[in-house]
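Please keep the sequence and the model in view while reading.

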Amino acid sequence: MRISSAWYSVRQGFKNIRRNLLFSLASIGTIIACLFIFGFFYALIVNFRTGIKKIEQNISISVFFDYDITDTQKSLLKEQIKTRDEVNTLDEITPEEAWKTFTDENYDDPEAARSAFGNDNPLANSGSFRITLKDVSRQADFEQYLNSLEGVRKVKSSQRTADNISAVETFVGYASMGIILILLLVSIFLISNTITIGITVRREEIKIMKLIGATNSFVRSPFIVEGVIIGLVGSIIPIFLLYYLYDLIINYIAGRFSILQSLFEFTPANELFKTLAPITLAIGVGIGFFGSWITTRRHLKV
C-alpha cells in the first residue's frame, strides 16, 4: 500500500470513530473492562502459582535407608536420586538432626529431653534424605521410582496434600481461562457491531469507490485501522490502571499485614508487567484487528 493510501486509511479510521463515537466509546470501554479483568486474573494466577511454589517447597519426601547401608552406598544413592529431573532439593538428615528436630517439636524443654537420653539416640536408625520436587504433580511416579532403588527401606510423603495442591492449581487455571475467553468474545462482538454501523453509514460511498476501481484491501483498510485504534486505546488504559492499583495493593498489604511476608511473596510489579503489558497490548490490538477483519469480510461484498 502506498503512503498516500495508508494515510487515507488512517484518516478515515479516525473519522469512522468520530462518526460512531458512542459505539466506539462503548467498544473501548468494553475492551478496557475485559482487559482489566484479564490483567487482574493474570496477576492473581501468577501470584497464586508463586504461593503454590513456596508451599511445594515445604512439601517434602523422606527417604529412609536400609539399616546396614554403608556411607559409600548412601553417597551413590544420593547421586542417583539427584540426577532425576523432578528433584528440586535434596538434603541429608542425620539421626542426630532427626532427634533434635523431634525434641524441638514435641517437648517444652528440648534440652532436658535430650539430656535425659544422653548418648542413647532413640532415632539412631532414622537417617534419611529430605527431597522437594519442582512439580508436586509428579510425586506419585517419583515415589515409585524411589521404592525401586536398592538401599531404600521406606519412603514417607504427603501424597494427599500434593494431590490437593495440583487439583486447586488446575481448577484456578481452567476457570480463569474460561472467564478470559468469554470476555474476549464479548469485546470482539462489540467491535463487530461498531464496524458494522460504520459500513452501513458509508455503504453508498463504498459502492462508488468500487465502481471507480478501488481494491478490496483499500476499501477494508479504514475499518481495520478503526478496529486497531479502538483495541490499542482499550489496552493502554487498563495497563496503567492495573500497574497503579497492583503496586498500591501489594504495598498496602505488605505494610498492613507484615506477617504475610513470611507466608506469601508477591511478584514485584515491574517483573509482572514485563510480561503482562505486551500481552495486554497484543490482545487489545488483536481483538480490534480480527473483530474488524471478520466484520468487513461478512458485511462488505467486495
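## Basis and overall make-up

A residue is called buried when its relative accessible area is under 20%, exposed when over 50%, and partly exposed in between (1.4 Å probe, protein chains only). By this criterion, 40% of the 302 residues in the chain are buried.

The model is predicted: local features need pLDDT of at least 70, side-chain atom pairs count only at pLDDT 80 or more, and totals for chains, interfaces and linings use all residues. Residues are numbered from 1 along each chain as its sequence is written, and side-chain values use heavy atoms, with hydrogens and water left out.

Eleven helices and four strands are found in the chain; these are DSSP runs numbered from the N terminus (helices H or I, at least four residues; strands E, at least two).

## Largest pocket

A pocket is an open set of points on a 1 Å grid over the protein atoms alone, where a 1.4 Å probe fits, with protein on both sides within 12 Å along at least five of seven lines; lining residues have an atom within 4 Å of a point. The largest pocket is lined by 19 residues, and Ser62, Phe64, Ile93, Ala98 and Ser128 lie nearest its centre. Two or more lining residues come from each of β1 (60–65), α4 (95–106), β3 (128–133) and β4 (152–156). The largest share, six residues, belongs to α4.

## Second largest pocket

Lining the second largest pocket are 18 residues, with Phe40, Ala43, Leu44, Tyr246 and Ile249 nearest its centre. Here α2 (21–58), α9 (216–256) and α11 (269–299) each give two or more residues, and α2 gives the most, with seven.
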